[in-house]
Amino acid sequence: MISRELEAEILRLHHAERWPIGTLARQLHVHHTTVRRVLRQAGIAIVRERPRPSMIDPYVSFIEDTLTRYPTLRASRLYQMARERGYPGSPDHFRHQVALYRPRPSAEAYLRLRTLPGEQSQVDWAHFGRLVVGRALRPLMAFVMVLSYSRQVFLRFYLGASMSCFLDGHVQAFNFFQGVPRQCLYDNLKSAVLERIGDAIRFHPTLLELAAWYHFQPRPVAIARGNEKGRVERAIRFARERFFAARRFADLADLNAQALAWCAGEAAERPCPEDRARTVRACFEEERPRLLALPAEPFPCQERVDVPSHKTPYVRFDLNDYSIPHTHVRRTLQVVATQERVRVLDGDEVIATHARSFDRDQQIEEPSHIEALVAHKRAGRAHRAMDRLHHAAASASALFKLAAERGAHLGALTRGLVDLLDSHGAAALEAAIAAALREQAAHLGAVRHFIDQQRARRGQSPPIAITLPNDPRVRSLTVRPHSLSNYEQLLRENAHEHTDEHAIEPVGHHRSDESER
């Protein structure tokens, strides 16, 4: 709007000085459309100058005809079609001209929607960026439900928009409202609508289970009709501006605690858009008795996933590994998870329970699982040592039986015999055990005594300890000694050949060698 003095000045300069519209606009610092409006309101006929010819003029009828049939056709594609027909101009100029000829949709009027108390709520997800949890970068999603009559808002944050989070958001919202609206309005998100062709809608079966549990009716809005759930859209914008902006929080639990306090506080104290004389809290108190009653038990909204367990006692779920008993490896198990806990089931049996982690590549362990596996491995090592001794020395079974009858410590006996096997070999150990059994001496000291006695009788020095790598493939390997008679025969043959050579050697030559030496 301009002042009446400026309007009078425009009319005076136009009539008295014959200034054209462009001069009036430049000299008076107003837009040329403002000058035209003033002149038109004064009843002055505005003679439009004939526009200069443009290179697009021959193509106007083609452009109008094409846009009539395809009103949403992109200007870039239309430009290529015009170029193929000889248009010489640039794409920028063409795009500007096309905007002048593109048909405009007629303005649509919307009815103000009014709902009865307790009749309807509107539900939606909102993305609030990403949250760093340890080494993981998780999407921070907000579940928002608003009651259409009172505009009471419920806001809760989740690290994702999975179906289990969607269900939990409903349960938490109904508990916050202390009741259930008769109808929940959604857009066509996958957690609500799996498939839709016109009015033929296939709802998500889990959402239908939730609706049957709480006795509400799920209803999606029409396609591309976000205005039908404008209350929740405005509630999301309100939460962004008045709650989340510059908000500080320690973790997700702290953020949700602050969001719940905000919903019950500031969000409830604002004026109700339907009745500015009352607050949202006052309207909600009027609406609460009209809500449906809550069921006796909340809906079970755990996430269920079948997971394989491999050779290590862990199952992987949501980027992390959770320990299980070693007796349940190499089979398919089921993970049942909430936002706080992770349970692992084998059939109907709960075999492990852990606190849920939203980090990534973490090993969440129950100490008893690892301790049981260590004890099992230790017992396995003892069994492998026994098998190795029985394989290397046949008399070992009789020695262990006699030692057990006399109450000896079998673990210490096993470890000592394995050391003797490693240092002296299977043949020496077998001979020493047999000698100890003949003397009815079923203890390690007797076996060690007979081994030392045998080596002293043969004039052998004590064995040198050999350090083997800590590899079970090497340490559990037993090699039976082979007979060396073939090598002894070769040694005797070589000695005989050397004796024959010395026998035919001339005596004088031998003495001359000695004299030379």
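## Strand β4, covered on both sides

Strand β4 (residues 183–186) has both of its faces covered: Q183 and L185 are buried on one side, C184 and Y186 on the other. Buried here means under 20% relative accessible area, with exposed being over 50% and partly exposed in between (1.4 Å probe, protein chains only). Strands (E, at least two residues) and helices (H or I, at least four) are DSSP runs numbered from the N terminus. In a regular strand the side chains alternate between the two faces of the sheet.

A quick word on the source: this is a predicted model, where local features need pLDDT of at least 70, side-chain atom pairs count only at pLDDT 80 or more, and totals for chains, interfaces and linings use all residues. Residues are numbered from 1 along each chain as its sequence is written, and side-chain values use heavy atoms, leaving out hydrogens and water.

## Who pairs with β4

β4 pairs in the parallel sense with strand β1 (residues 120–133) over three bridges, and L185 is the bridge partner of Q122. Pairing takes at least two DSSP bridges between the strands.

β4 also runs parallel to strand β7 (residues 217–220), this time over four bridges. Here L185 bridges to R219 and C184 to P218. As for β7 itself, P218 and P220 sit on its covered face, while Q217 and R219 are on the uncovered one.

## Helix α10

D251 caps the N-terminal end of helix α10, with a side-chain oxygen 3.4 Å from the backbone nitrogen of A253. The buried residues of α10 are L252, L255, N256, Q258, A259, W262 and C263. Looking down the helix axis, these buried residues fall within an arc of 160°, so they line one face of α10; the arc is taken from the directions from the axis to the C-beta atoms. On the face turned away from that buried side are the exposed residues A253 and A261.

Among the elements covering the buried residues of α10 are β2 (136–147), β3 (153–158), α7 (163–177), α9 (230–244) and α11 (266–269).

## The nonpolar cores

The largest nonpolar core has 56 residues, and F143, L155, F157, F166, F177, Y186 and F216 have the most contacts inside it. Such a core is a set of buried Ala, Val, Leu, Ile, Met, Phe, Trp, Tyr and Cys residues joined through side-chain atoms within 4.5 Å. α7 gives the most to this core, with nine residues.

Take L155: leaving aside residues up to four places away in sequence, L155 touches A142, F143, V144, A239, F243, A259, W262 and C263, where contact means heavy atoms within 4.5 Å.

Technical notes: A polar contact is a pair of N or O atoms within 3.5 Å; within protein, one must be able to donate a hydrogen and the other to accept it, and residues adjacent in sequence count only if both atoms are side-chain atoms.
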